[in-house]
Amino acid sequence: MRKPVVGVIGNAHRVENRFQVQMVGERNLRAVAEVSGGLPMMFAGAPDITDIGALLDTVDGIVLTGARANVHPTRFNVDPCEAHEPYDIHRDEVALALSVACVARGVPLFGICRGLQEMNVAFGGSLHPEIREIPGRMNHRMPRLENGEIHPDPTVVFADRHDVELTPGGAFAKLLGCEKIRVNSLHGQGILEPGRRVLVEGVAEDGTIEAIRIAEAPTFALGVQWHAEYDPQHNPINRKLFEAFGEALVARQRAAA
């Protein structure tokens, strides 16, 4: 049997402030290849060149990665604000429609950070542009130096920063074999109101939603707010997630054979 093909969404980026490109972080590609056992294939987060139907005829699963850009507020009926830029409206269009299509067609779907947020919005939920501004919430953004620059050490940036309580008996608790985990934290936006069919299965100690699944999805349809692509070879939580995603890919292949 061939390796499962996994579509990994691209993000709009400008090189040298001149050349428009689509890019994907290598950690996402390696997690798919080395832990899920799939063949990662980047596709453009651009609706004019990405045919969702043709894409889902080609791949065995989809990963919606994290990204620098925020989901545009008009997607959940909020006015945009310059303070919460940048946005990637073309990725929004692809990812939101793709989330619904994956669930409808039974294609395994794994949302990471922005991907979790996209899944929530796709099913009618809303986001808060800066979780840290809500009273009682912690700063979920990546650590920075005193001068404001991002910390240069990735082991510091991606270090586990807070606990997540998992729903007893839920999909995550069963998959991970526990009801409390510790995760990294590198995000500004976060879920405000869960969408229809969005079941909350993990909550941080400050109340921030960290893990979701789509109700009645016929296959793997999970989202996590943390960056699960970081070191899944050695991080047991992230490894189990990508392994479970890989098992869903193989199951879909067999069902289609």
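Trainee: Which residues of H4 are buried?
Mentor: The buried residues of H4 are Arg114, Gly115, Leu116, Gln117, Glu118, Met119, Asn120, Val121 and Ala122, and please keep in mind throughout that this is a predicted model. With 9 of the 9 residues of H4 buried, the helix is largely enclosed by the rest of the structure.

Trainee: And what follows H4?
Mentor: Glycine 124 comes after H4, and its phi is positive, near 95 degrees.

Trainee: At what angle do H3 and H4 pack?
Mentor: Helix H3, residues 89–105, and helix H4, residues 114–122, pack at an angle of about 65 degrees, and their axes are 8 Å apart. Since angles from 65 to 115 degrees count as roughly perpendicular, H3 is described as roughly perpendicular to H4.

Trainee: Which residues make the contact there?
Mentor: On the H3 side the contact is made by Arg91, Asp92, Ala95, Leu96, Ser99 and Val100, while H4 contributes Arg114, Gly115, Glu118, Met119, Val121 and Ala122.

Trainee: Is that crossing of H3 and H4 left-handed or right-handed?
Mentor: The crossing of H3 and H4 is right-handed.

Trainee: Changing topic, how many disulfides does the structure hold?
Mentor: The structure holds 0 disulfides. Cysteine 102 is in no disulfide, and the nearest cysteine sulfur, which belongs to cysteine 113, is 19 Å away, whereas a disulfide would need the two sulfur atoms within 2.5 Å.

Trainee: Is cysteine 102 buried or exposed?
Mentor: Cysteine 102 counts as buried, because its relative accessibility is 0%. Cysteine 113 is likewise buried, with a relative accessible area of 4%.

Trainee: Now the sheet: in what order do the strands come?
Mentor: The sheet is open and is formed by 9 strands in the order S4-S1-S5-S6-S13-S12-S11-S8-S9, with mixed pairing. Strand S4 (39–43) and strand S9 (180–183) stand at the edges, and each has a single partner strand, so one side of each is left without a neighbour in the sheet. On average, and with direction ignored, neighbouring strands of this sheet are turned by 25 degrees against each other.

Trainee: How many bridges join S5 to S6?
Mentor: There are 3 bridges between strand S5, residues 61–64, and strand S6, residues 109–112, and these two strands run parallel. Valine 63, for instance, has phenylalanine 110 in S6 as its bridge partner.

Trainee: Which strands does H7 touch?
Mentor: Helix H7, residues 236–256, packs on the sheet and touches S1, S5, S6, S9 and strand S13 (221–224), and its direction makes about 155 degrees with that of S6. Helix H1, residues 26–36, lies across strand S1 (5–9), S4, S5 and S6, and runs at about 165 degrees to S1.

Trainee: Where do H1 and H7 stand to one another, I mean at what angle do the axes cross?
Mentor: The axes of H1 and H7 come within 9 Å and cross at roughly 70 degrees, which makes H1 roughly perpendicular to H7. The contact is made by Ala31, Val32, Val35 and Ser36 of H1, together with Arg239, Phe242, Glu243, Phe245, Gly246 and Leu249 of H7.

How values were computed: Residues are numbered from 1 along each chain as its sequence is written. This is a predicted model: local features need pLDDT of at least 70, side-chain atom pairs count only at pLDDT 80 or more; totals for chains, interfaces and linings use all residues. Side-chain values use heavy atoms; hydrogens and water are left out. Buried means under 20% relative accessible area, exposed over 50%, partly exposed in between (1.4 Å probe, protein chains only). Two strands pair if DSSP finds at least two bridges between them. Helices (H or I, at least four residues) and strands (E, at least two) are DSSP runs, numbered from the N terminus. Axes are lines fitted to C-alpha atoms, for helices over the stretch in contact, and angles run from 0 to 180 degrees between N-to-C directions. Contact means heavy atoms within 4.5 Å. Angles under 35 degrees count as roughly parallel, over 145 as roughly antiparallel, 65 to 115 as roughly perpendicular and the rest as oblique. A crossing is left-handed if the near helix is turned anticlockwise from the far one by less than a right angle, and right-handed if clockwise.
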